Amino acid sequence: RYGHTITNNLDVNYRTGGLYLTASLWAGRNGHNKSFQENDMRYLVESDRIDGYTKQDTKQTWKGLSPQLQVNYMVDENHSFGAFYKYDYHPDGALTSQFDTDEYENGLFTERSESKIRQDEKFKKHIFNAYYNGKLGQLGIDFNLDGLFDRTEAPGQTIEQSKNVNGAAMTRSIDSNTKSGNNFWASKLVLSYPLWKGNLSVGGEYSYNHRTDAYTYNASEAVPVTATDTEINEKSEALFMDYGHQFGKVFVQAGIRYEHLVNDYYNFGVREDEVCRDYGDWFPTAVISAPIGKVQLSLSYRRDIKRPAYSSLTSSTIYLNRYAYQSGNPYLKPTYTHSLVLNAGYKWMGVNINLSRVKNSETMSTEPFPGADNPLISLVRPINTKEDYNQLSFNPYASPVIGCWHPTWFVYAFFQYYKSPS
């Protein structure tokens, strides 16, 4: 990967008494993402062996500007509040790709396909935050309210030219457009109070998102894809509590969090029950830390969740060539991780060791296109792994001071026992 980025920034600050204002304007162009990828694929169709060798050269660029304004006001040492607003505007963004494939059947060349792919994107995004932080006696209060509202349009085009072993040529094309939007609100309240010479924190969160995602296309010949017009209404509630206490040189903290999520999925106004979600999960955390001689040690455990990005859940489809399509997957499940982490630090050196157990990891899969008459037509999309697997990372590091220099050296080793889904 290689490329460039050009940015310009303007910042203005003003302070008087307890009032602090800051405004900024960012504008730039990103031409950084360029990549080249080669893939070899083999299909077994009854007694025939089909081999496909692909090369993909991709470039992604965008232009944008982002003004933002932040207001903070400190009433006194116990009370402060403020608000933040940011507008992101990308009027021009493009992903261009050259996707070439050579097909062989039982070792004999049959066809070459060359596809020119272009996926444009432009979006507008409004981001808002308001907060209050204060104390009433010994009770600490931390409240946040967030909003995000965006609209994205992504027209695309693929023009494929193919030539078989006899020299016969054919041109195919498909034009598509995806329009999506989010109306997202979230709030969080945390209350803290000193208890039994430790500190107790309790709180709650609530979020709601209304997302729309419409995909349309026009093809020069029949293709095994369908137009979609999806709507997702998702709300999430969470309650959490943690308590920390210092026992001499030993610090212990434990917490628990419960999340409940409801996701209603509609396509062309019809609810699809098999895609809808309604589940609750518990997420415990614990940490213990203490010095042993001159070495500072800590051991922690936590269970985390990573929900699929909306870009992975989209039902829109990209036509690569007549044998390959790429799409999202609205059936994706969240990824869960149990992590046990050991940290050890001595002066200017240390080590981090992380042992994890991962469930429903998200990975890319190439599979026969559902409902296609030709078994050689494949669909590339994200899926969840069927089996849990273990991960181990080992990260020693050193940050000494050598005169006026502050170098940092580190080694990162990562191991996993992962089986590809069949």
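Tutor: In this predicted model, Leu340 stands opposite Leu355 in β18. The two strands concerned are β17 and β18 (residues 349-359), which pair in the antiparallel sense over eleven bridges. They form a hairpin with two residues between them. Lys347, in the turn, has a positive phi of about 50°.

Strand β17 (residues 335-346) also pairs with β14, again in the antiparallel sense and over eleven bridges. Within this pairing, Ser298 faces Asn343 of β17. Strand β14 covers residues 295-306, and Val295 lies in it. Beyond its neighbours within four places in sequence, Val295 is in contact with Ala290, Ala344, Gly345 and Tyr346. With a relative accessible area of 28%, Val295 is partly exposed, because a residue must fall under 20% to count as buried and over 50% to count as exposed. The C-alpha atom of Val295 is separated by 55 Å from that of Pro368, although the two residues are 73 places apart along the chain.

A further group of strands deserves attention. Four strands form an open sheet of mixed pairing, in the order β15-β16-β20-β19. Strands β15 (317-321) and β19 (362-368) stand at the edges with a single partner strand each, so one side of each is left without a neighbour in the sheet. On average, and with direction ignored, neighbouring strands of this sheet are turned by 30° against each other. Strand β15 pairs with β16 (residues 324-327) in the antiparallel sense over four bridges. Here Thr317 stands opposite Ser327 in β16.

The aromatic side chains come next. There are eleven aromatic pairs, counted with ring centres within 6.5 Å. In one of them, Tyr104 and Phe109 have ring centres 5.6 Å apart and planes at 70°, so the pair is edge-to-face. Tyr104 is partly exposed at 27% relative accessibility, and Phe109 is likewise partly exposed, at 32%. Another edge-to-face pair is formed by Tyr389 and Tyr418, at 5.0 Å centre to centre and with 70° between the planes. This pair links distant parts of the chain: Tyr389 belongs to strand β21 (residues 389-398), whereas Tyr418 lies in the segment after β23 (413-417), 29 residues apart.

The structure holds three cavities of 30 Å³ or more. The largest cavity contains about 60 Å³ of space. Its lining consists of Arg211, Asp213, Thr230, Ile232, Tyr265, Tyr310, Leu313, Thr314 and Ser315. The elements that give two or more residues to this lining are β9 (198-219), β10 (228-247) and α1 (310-313).

Note on methods:
Residues numbered from 1 in each chain as written. Predicted model: local features only at pLDDT ≥ 70, side-chain atom pairs only at ≥ 80, totals over all residues. Heavy atoms only, no water. Buried < 20%, exposed > 50% of the residue type's maximum accessible area, 1.4 Å probe, protein only. Contact = heavy atoms within 4.5 Å. Pairing = 2+ DSSP bridges. Axes fitted to C-alpha atoms, helices over the stretch in contact; angles between N-to-C directions. Phe/Tyr/Trp six-rings, centres within 6.5 Å; stacked < 30°, edge-to-face > 60°. 1 Å grid on protein atoms, 1.4 Å probe; cavity = no way out; pocket = protein on both sides within 12 Å on 5 of 7 lines; lining within 4 Å. Points joined across faces, edges and corners; volume = space filled by probe spheres on them.
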